[in-house]
Amino acid sequence: MSPVIERKKVKEMFSNIAPTYDLLNHSLSFGLDFYWRKRAVRLLFENSISSPVFLDIATGTGDVVLEIFRQSKFKINKSNVRVYGLDFAFPMLGIGKSKIVKRLIDCDFIQGDALSLPFQNASFDGIIISFGFRNFESRGEGLAEISRVIRPGGKIVILEFGNPVGIWGVGFNFYFKCILPMLGRIFSGHREAYSYLPATVSEFLSPDETKNLINQYNFEDVNVHSMTGGVVNIFVGTRT
Ligand SMILES: C[S@@+](CC[C@H](N)C(=O)[O-])C[C@H]1O[C@@H](n2cnc3c(N)ncnc32)[C@H](O)[C@@H]1O
C-alpha cells in the first residue's frame, strides 16, 4: 500500500482495526503511548484559560479525551473543561464513546472529517491531534481548517511519530519496520494496517518541515518537543 492513501481507505482501515486498536497500541508501544499523550495534554493545558473548550481531532478511541479529563481534575479552575472528539471512523468513535460513558464523562463525540470541520470559526481555545495528522490526505487542508476553528491566541498541539537516528534509530527501526508489522498483522488480523504505520512515518515530514508547515497557517512560536530519543515529536504553536 502506498504511504499516502486517500481518506476513504484510511477510514476503512481504522474501522477494521478498531476492536483490537487499544490493545495493540498499548502493548506494541510497551505502554509508552500513555506517557506521550500525557505530555501532549500537559502542553495543551499549559497557560490555558480557565474553563477552556478543546477539540481532539482524529480522537479514535478517545484516549486523549480521557487524559484531558484526568488532568483537568488536578487543575484549579479547569474542572469546567469542555471537550469535543472528532473522527471519521465510526467504529473507533463507538469504542471511545463506551469508555467515556463508563467513566461518566460528559463529552461530545462527532463523526466528521478533519479536512472539513463541522464547527464555526474561532470555536476552540485549543486543538490537539495525536497520531492522526500524518494520516491526513492533505495536511495543508487540515491545518487551514484548524486555523479557522481555533480562536486567536488558541493553541495547537500535534503529537506524531518521528524518525530517530543513530544507533537508537537502527534498533528502533528494526522493531518498528520488522517486528511490529508482523505482530500487528497476527493480532489485528489486518494485512496492511501495521505496515502502513512505519511506511507513513518514513515518508512523513522532518520536524523542521512540520514546524514550517504549521507556521504557514497563522501559527507562531511553534516549538518541537522530542520524546523517547525522537520516536515521537510534539509540535506546539499559538494562533496569531
Ligand atoms: C492512529 S489513530 C489515533 C487515534 C488517537 N488519537 C490516539 O491517540 O490513539 C488515527 C485516527 O485518525 C483518524 N483520521 C485519519 N484521518 C482523518 C480525517 N481526515 N478526519 C477524521 N479522522 C481521521 C482515523 O480514523 C483514526 O481513528
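Q: Which residue in S5 is the bridge partner of Ile 128?
A: In this predicted model, Val 157 of S5 is the bridge partner of Ile 128.

Q: What makes S4 and S5 a strand pair?
A: Pairing needs at least two bridges. S4 and S5 have 6 bridges, in the parallel sense, so they count as paired.

Q: How do you know that strand S1 and S4 pair?
A: The cut-off is again at least two bridges. Strand S1 (residues 53–57) and S4 are joined by 4 bridges, also in the parallel sense. Leu 55 stands opposite Ile 127 in S4.

Q: Which elements make a β-α-β unit, and of what hand?
A: The unit consists of S4, H5 and S5, and it is right-handed.

Q: Why is Arg 139 called buried?
A: Buried means under 20% relative accessible area. Arg 139 has 16%, so it is buried. Arg 139 belongs to helix H5 (residues 139–149).

Q: Which residues of helix H8 are buried?
A: In H8 (residues 207–215) they are Thr 210, Leu 213 and Ile 214. Their arc around the axis is only 100°, so they lie on the same side of H8. The buried residues of H8 pack against H5, S5, S6 and S7.

Methods
Residues are numbered from 1 along each chain as its sequence is written. This is a predicted model: local features need pLDDT of at least 70, side-chain atom pairs count only at pLDDT 80 or more; totals for chains, interfaces and linings use all residues. Side-chain values use heavy atoms; hydrogens and water are left out. Helices (H or I, at least four residues) and strands (E, at least two) are DSSP runs, numbered from the N terminus. Buried means under 20% relative accessible area, exposed over 50%, partly exposed in between (1.4 Å probe, protein chains only). The arc is that of the directions from the helix axis to the C-beta atoms. Contact means heavy atoms within 4.5 Å. A crossover is right-handed if, with the strands pointing away from the viewer, the path from the first strand over the helix to the second runs clockwise.
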